[in-house]
Amino acid sequence: MTTATEGKTSMPKIPEEYGGHLPHHDYIAQVVTALEAIGRGPDGWRLEEADPATGAPALQAALGWGAGNHNPHGGPDASDADLLLTVNWDAAGGWSYIWEQGPGPADSFPPMDLDVPAVSDPADLAQSLRYVMDGETGGRMPHPARWDDAERMREAVRAWQAGR
């Protein structure tokens, strides 16, 4: 999703009709870029401006990895090799993830909240997510710092909410 130009990495571009105009676009794009920088970029990602379950206004994002793609070092016989991973972000609730064995709700494990700031530093968050992807969350996962531009994004989110 990123492109290298003259030694610099650019942020992924999302067309306006797919959320490129939303206030959380730049933040999520930086998280994706940070994941790609450590070799763990998602297979795909999307931005939402309404809760898919209720239709209520809500800024959300989802990053997804296909079966086994979350851990490039895992073998085909690893216990999580057939699992799908979805990492979700919500402006109100922060970060969470869910492992799934298939496309249906009966094939899903319960969602797990990540105990990190809702607007974590993208590079730090990528390292924390690497621990999730490797199945090493038992107390060793680093705690990311708050993102330097968090307040600017929160102001943009408040402006978006006021304009709804």
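Y27 counts as buried, because its relative accessibility is 0% (buried means under 20% relative accessible area, exposed over 50% and partly exposed in between, with a 1.4 Å probe and protein chains only). The model is a predicted one, in which local features need pLDDT of at least 70 and side-chain atom pairs count only at pLDDT 80 or more, while totals for chains, interfaces and linings use all residues. Residues are numbered from 1 along each chain as its sequence is written, and side-chain values use heavy atoms, with hydrogens and water left out. Of the 164 residues of the protein, 38% count as buried.

**Overall organisation**

- The protein has 3 helices and 7 strands; helices (H or I, at least four residues) and strands (E, at least two) are DSSP runs, numbered from the N terminus.
- Along the sequence, these elements follow the pattern β-β-α-β-β-β-β-β-α-α.
- Among contacts in the protein with a separation of 6 or more, 49% come from residues 24 or more positions apart; contact means heavy atoms within 4.5 Å.

**Y27 and S120**

- Y27 belongs to helix α1.
- Leaving out residues up to four places away in sequence, Y27 touches W89, W95, A118, V119, S120, P122, L125, W147 and M153.
- Y27 and D121 are separated by 94 residues in sequence, yet their C-alpha atoms are 9.1 Å apart in space.
- A polar atom of the Y27 side chain lies 2.8 Å from the backbone oxygen of S120; a polar contact is a pair of N or O atoms within 3.5 Å, where within protein one must be able to donate a hydrogen and the other to accept it, and residues adjacent in sequence count only if both atoms are side-chain atoms.
- S120 is located in the loop between β7 and α2, and S120 counts as buried because its relative accessibility is 0%.
- The side chain of S120 has a polar atom 2.6 Å from the backbone oxygen of P117.
- Apart from neighbours within four places in sequence, S120 is in contact with Y27, L125, P144, A145, R146 and W147.

- The 13 residues of α1 should span 18 Å at 1.5 Å a residue, and its end C-alpha atoms are 18 Å apart, which agrees; the expected span is 1.5 Å times one less than the number of residues.
- The buried residues of α1 are H25, Y27, I28, A29, V31, V32, T33, A34 and L35.
- After α1 comes G39, with a positive phi near 75°.
- The largest nonpolar core holds 34 residues, and those with the most contacts inside it are Y27, I28, L35, L63, V87, W89 and W95; such a core is a set of buried Ala, Val, Leu, Ile, Met, Phe, Trp, Tyr and Cys residues joined through side-chain atoms within 4.5 Å.
- Two or more residues of this core come from each of α1 (25-37), β3, β4, β5, β6, α2 and α3 (150-162).
- Helix α1 gives the most to this core, with 7 residues.
- Beyond its neighbours within four places in sequence, L35 is in contact with R40, G41, P42, L63, W65, A126, L129 and M133.

**The sheet**

- Five strands form an open sheet in the order β3-β4-β5-β6-β7, with antiparallel pairing; two strands pair if DSSP finds at least two bridges between them.
- The edge strands, β3 (44-50) and β7 (112-113), each pair on one side only.
- Strand β4 (residues 57-65) pairs with β3 in the antiparallel sense over 6 bridges; A50 stands opposite P57, and G44 stands opposite G64.
- Strands β4 and β5 also run antiparallel and are joined by 6 bridges, with A62 opposite N88.
- Strand β4 is mostly covered, with 7 of its 9 residues buried.

**T86 in strand β5**

- T86 is found in strand β5 and is buried, with a relative accessible area of 18%.
- The side chains of T86 and E100 are joined by a polar contact of 3.4 Å.
- Not counting residues up to four places away in sequence, T86 touches A62, L63, S96, Y97, I98 and E100.
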